[in-house]
Amino acid sequence: MSTLKGLVSLLLLTLNTLFWAVPLIALTLLKLVTPGRPLRRRVLTGLNAIARWWLDINLWWMRHWLSPRLDLELPDGLSRDDWWLVLSNHRSWTDIFVLLLVLHRRIPMPHFFVKRQLIWIPVVGLAFWALEFPMLRRLTREQRERHPHLARRDREATERMCRHARERPIAIYNFVEGTRFTPAKHAARQSPYRHLLPPRAGGIAQVVGLLGDRLGGILDVTLSYDTPAPHFWRFLCGQEGVIHLRARHLPVPDWMRAGDYHQDPNYKERFHSWLNALWQAKDAALDSR
């Protein structure tokens, strides 16, 4: 029975995606030939409306068909009229839909940092590109040192998003570990944390530097699952255990708005210390469950 439920869920997700693919492709082509940022901004408004409807429909059937068991703790003061930076640990593809189930329409439209390889996913990859999500290569330190031009392109993608983000409130989501947690990755990275991978600071430091005067705050989200190894297919089958989400609102420190992560080594060290302390607290919270 659970397998049948998962197949129906997969069908609903696919049909909703294919339905909105038609206007998505049409507006993307229009955006390509539209001259000037003011006119393209109008097309982008239409693309955001398509993404919002796609989300609304998916989240509606997920709530009523899958009835996920969510244990939530949210701060007061969430608003769709402010800019937000959302930081979260990453356990499963399910995380994305859990975050959206909880935060969609409480804060503005989401923009995710996504891996560049995802551009090849039919329809979804096109949507990431059309909606101007920063598509990053997730380079290792060695790769950045050997190919600095690739790291520079990632920074330029983030800069474009932040520059355009000043036009309207958005919520920028970042899974700071860069990938989903697994025991193998935990061992390979020699993580100092029990339940987390080491966080990466560069992307969020750039966002704070470019949008710090706009940000209403940082949402620090901690996700955990009663199931030891959560899986998106189990979620689609309605078989995932209780999912715990704890979010807290952190103000953006004044020192964080004024530095340059890529040019100032003292600022870079201070930013790393701040993020590592955040991750230590998150790991301790996960340890206490």
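Reader: Is Thr94 buried or exposed?

Author: This is a predicted model, and the values that follow are computed from it. Thr94 lies in helix 3, residues 94-103. Its relative accessible area is 0%, and buried means under 20%. Thr94 is therefore buried.

Reader: Which residues is Thr94 in contact with, leaving aside its neighbours within four places in sequence?

Author: Contact here means heavy atoms within 4.5 Å. With the neighbours within four places in sequence left aside, the partners of Thr94 are Tyr225, His231, Phe232, Phe235 and Ile243.

Reader: Which residues have the most contacts inside the largest nonpolar core?

Author: The largest nonpolar core has 43 residues. Helix 2 (residues 37-66) supplies the largest share of this core, nine residues. At least three residues of the core come from each of domain 1 (1-67) and domain 2 (68-109 + 169-288). Those with the most contacts inside the core are Leu99, Leu103, Ile107, Tyr173, Phe235 and Leu245.

Reader: What does Leu245 touch, not counting residues up to four places away in sequence?

Author: Leu245 is one of the residues with the most contacts inside the largest nonpolar core. Not counting residues up to four places away in sequence, Leu245 touches Asp71, Leu72, Glu73, Leu74, Val98, Leu99, Val102, Val221, Thr222 and Leu223.

Reader: How many residues does the second, separate core have?

Author: Leu87, Ala201, Ala205 and Leu211 are included in this second core. The core is separate, and its count of residues is 31.

Reader: How many residues of domain 2 are in contact with domain 1?

Author: The protein chain is divided into domain 1 (1-67) and domain 2 (68-109 + 169-288). Their C-alpha centres lie 24 Å apart. On the domain 1 side, 20 residues take part in the contact, and on the domain 2 side the number is 15.

Reader: Where is Trp54 found, and how far apart in space are Trp54 and Thr17, C-alpha to C-alpha?

Author: Trp54 is found in helix 2, and it is partly exposed because its relative accessible area is 22%. Leaving aside neighbours within four places in sequence, Trp54 is in contact with Leu13, Asn16, Thr17, Trp20 and Phe97. Trp54 and Thr17 are 37 residues apart in sequence, while the C-alpha to C-alpha distance in space is 7.0 Å.

Reader: Does Thr34 count as buried or exposed, and what does it touch?

Author: Thr34 is found in the loop between helix 1 and helix 2. Its relative accessibility is 11%, so Thr34 counts as buried. Not counting residues up to four places away in sequence, Thr34 touches Leu39, Arg40 and Val43.

Reader: Which residues form the nonpolar patch on the surface?

Author: Helix 1 (residues 2-33) gives the most to the patch, with five residues. Ile119 belongs to the patch and lies in the loop between strand 4 (114-115) and helix 4 (124-130). With a relative accessible area of 31%, Ile119 is partly exposed. Together the patch has about 880 Å² of accessible area, and its members are Ile25, Leu29, Leu30, Leu32, Val33, Ile119, Trp120 and Trp129.

Reader: Why does the pair of Glu73 and Arg246 tie together parts of the chain, and how many residues apart are they in sequence?

Author: Glu73 forms a salt bridge with Arg246, with 3.4 Å between the closest N and O atoms. Glu73 lies in strand 1 (residues 70-73) and Arg246 in strand 8 (residues 243-250), so the parts tied together by the pair are 173 residues apart in sequence.

Reader: Which residue meets Asp220 in a salt bridge?

Author: Asp220 is buried, with a relative accessible area of 4%. The N to O distance is 2.9 Å, and the partner is Arg248.

Reader: Which residue forms a salt bridge with Glu240?

Author: Glu240 is buried, with a relative accessible area of 5%. The closest N and O atoms of the salt bridge are 3.8 Å apart, and the partner of Glu240 is Arg234.

Notes:
Residues are numbered from 1 along each chain as its sequence is written. This is a predicted model: local features need pLDDT of at least 70, side-chain atom pairs count only at pLDDT 80 or more; totals for chains, interfaces and linings use all residues. Side-chain values use heavy atoms; hydrogens and water are left out. Patches are made of residues with over 30% relative accessible area and no salt bridge: like charges are joined within 9 Å, nonpolar side chains (Val, Leu, Ile, Met, Phe, Trp, Tyr) within 5 Å. Accessible areas come from the Shrake-Rupley method with a 1.4 Å probe; for residues, only the protein chains shown count as cover. A salt bridge is a side-chain nitrogen of Lys or Arg within 4 Å of a carboxyl oxygen of Asp or Glu. Helices (H or I, at least four residues) and strands (E, at least two) are DSSP runs, numbered from the N terminus. Buried means under 20% relative accessible area, exposed over 50%, partly exposed in between (1.4 Å probe, protein chains only). A nonpolar core is a set of buried Ala, Val, Leu, Ile, Met, Phe, Trp, Tyr and Cys residues joined through side-chain atoms within 4.5 Å. Domain bounds come from an automatic or database domain assignment.
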